[in-house]
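Please keep the model in view while reading.

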There are 4 protein chains.
Amino acid sequence: MKVRVYYEDTDVGGVVYHSNYINFCERARSEMFFQHGLSPHQENEFFVAKHLEANFIKPAVFADILDIDTKVIKLKNASAVLHQTITRDGEKLFEMNVTVAYLKNKRPAKIPDNMKEFLSRYL
Amino acid sequence: MKVRVYYEDTDVGGVVYHSNYINFCERARSEMFFQHGLSPHQENEFFVAKHLEANFIKPAVFADILDIDTKVIKLKNASAVLHQTITRDGEKLFEMNVTVAYLKNKRPAKIPDNMKEFLSRYL
Amino acid sequence: MKVRVYYEDTDVGGVVYHSNYINFCERARSEMFFQHGLSPHQENEFFVAKHLEANFIKPAVFADILDIDTKVIKLKNASAVLHQTITRDGEKLFEMNVTVAYLKNKRPAKIPDNMKEFLSRYL
Amino acid sequence: MKVRVYYEDTDVGGVVYHSNYINFCERARSEMFFQHGLSPHQENEFFVAKHLEANFIKPAVFADILDIDTKVIKLKNASAVLHQTITRDGEKLFEMNVTVAYLKNKRPAKIPDNMKEFLSRYL
């Protein structure tokens, strides 16, 4: 998935505001679902981030086109760990591991089979 | 209501990103409700912006403390027009008129009496 | 230009947060420049929004793919007025007129010829 | 430092969008400086986030008033590690460790003495 850096993503430091890399990764996770005809969000069921660990390696700037790559590194019944990287022309700018948990009516729940099958392809 | 300008509010131009003034005004509208023990949002009932007209007069910058002032200039059964200004040390940076409509189950609805009474104090 | 609605664009009302339509339009204006090999932002020269008037017609929701259309309706030496609409499957959700002014070292300046020429194609 | 949750901070899940907790923590770090008559950002010198590790424990919702607490847990010449927590009525919703580095003209630089002295009070 590709993301363009617009004004709204930058800050007075002239670079992308730190938490926006995390937003870009979230867009990529959602887009994975959309691309497979699925949605990460249904009425009272959806994924939430539970933990994340991120490295800010080099800054992205206005007008950059960034590549976001997502791999599933752990897939359990009710949660998954994903490794996501953001690169610009092949140079890594950002990476993070994020643990997402599946919630149904605000409680941890089993990831539905079709979603699990789809996620397993990114392992 | 006072708002501090943080990194997230600025952009690479070194000033507050244009639509964030509109967000600051929305915070002030919500805060008006909170300060009166009310909420602008209940289950399936809330206000939505229908129209706005804004003037960007002077830019605010990182670390600024801004004052947001809100007046009700029209109050109807299902909608209201508010005039909001953002000033810094008395100097006007931004102003807008925003029309908000009350929705109940996604349809236009009468503004509840207690809300209307409270809004009428800002006329 | 197409924009996907992600989590970050929505709010607790279940729809796109009002000022994000304005951000989507800003992305589209920047993208117009990028697509022509230009940038709306150079060191100390860039466009700023001076005035906008917006109508929120129907809400967009999570996962929507939106089309943003931009027309130049007035083109002067140091400013321009653009009309932008956001549609979903041909249905208009949002429209605005925005006046942008060109700044050089924080002062109003003549829009460079190559930019003016390019903008004139959207008249 | 206290932060109110407004519409813009929430998403369609009805809770605060995950990366906004990280923004709230950044506001608190900036505010620490402001409260001591300092600024985290000067011309070509400022702090940037290099690494963060975050736990999303419980969600915050619209209208919540959150407390953000910041402690310095490591203070080196050119960087610092801070531990930040977000609580609501004493209940912990979020915590993170963030490593910030000092940059001068885009290169790692020694944290100025007055800033170091001030940060050491949060150890």
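## Symmetry of two copies

By what turn, and with what shift along the axis, can chain D be laid on chain A? The superposition, done by least squares on the C-alpha atoms of residues with pLDDT of at least 70 in both copies, needs a turn of 180° and a shift of 0.0 Å along the axis, and it gives an RMSD of 0.0 Å. The two copies are therefore related as by a two-fold rotation axis. Within chain D, the C-alpha nearest that axis belongs to Glu53(D), at a distance of 2.1 Å.

Because 100% of the interface residues of chain D are also interface residues in chain A, the copies meet through the same surface, where contact means heavy atoms within 4.5 Å.

## Basis of the values

This is a predicted model, in which local features need pLDDT of at least 70 and side-chain atom pairs count only at pLDDT 80 or more, whereas totals for chains, interfaces and linings use all residues. Side-chain values use heavy atoms, with hydrogens and water left out, while residues are numbered from 1 along each chain as its sequence is written, and chains are lettered from A and ligands numbered from 1 in the order in which they are written.

## Cysteines

Over all chains, a search of the whole structure finds zero disulfides (a disulfide being a pair of cysteine sulfur atoms within 2.5 Å). Cys25(A) takes part in none, and the nearest cysteine sulfur, that of Cys25(D), is 19 Å away, which is too far for a bond. Cys25(A) is buried, with a relative accessible area of 0%, and Cys25(D), likewise at 0%, counts as buried (under 20% relative accessible area is buried, over 50% exposed and in between partly exposed, with a 1.4 Å probe and protein chains only).

## Aromatic rings

The search finds 38 aromatic pairs over all chains; rings of Phe, Tyr and Trp (its six-membered ring) pair if their centres lie within 6.5 Å, and planes under 30 degrees apart count as stacked, over 60 as edge-to-face and the rest as tilted. The rings of Tyr21(B) and Phe56(B), with centres 6.1 Å apart and planes at 65°, are therefore edge-to-face. This pair links helix α1 (residues 18-35) of chain B, which holds Tyr21(B), to strand β3 (residues 45-56) of chain B, which holds Phe56(B), 35 residues apart; helices (H or I, at least four residues) and strands (E, at least two) are DSSP runs, numbered from the N terminus. Tyr21(B) is buried at 4% relative accessibility, and Phe56(B) is buried at 7%.

In chain A, Phe33(A), Phe47(A), Tyr102(A), Phe118(A) and Tyr122(A) form one aromatic cluster.
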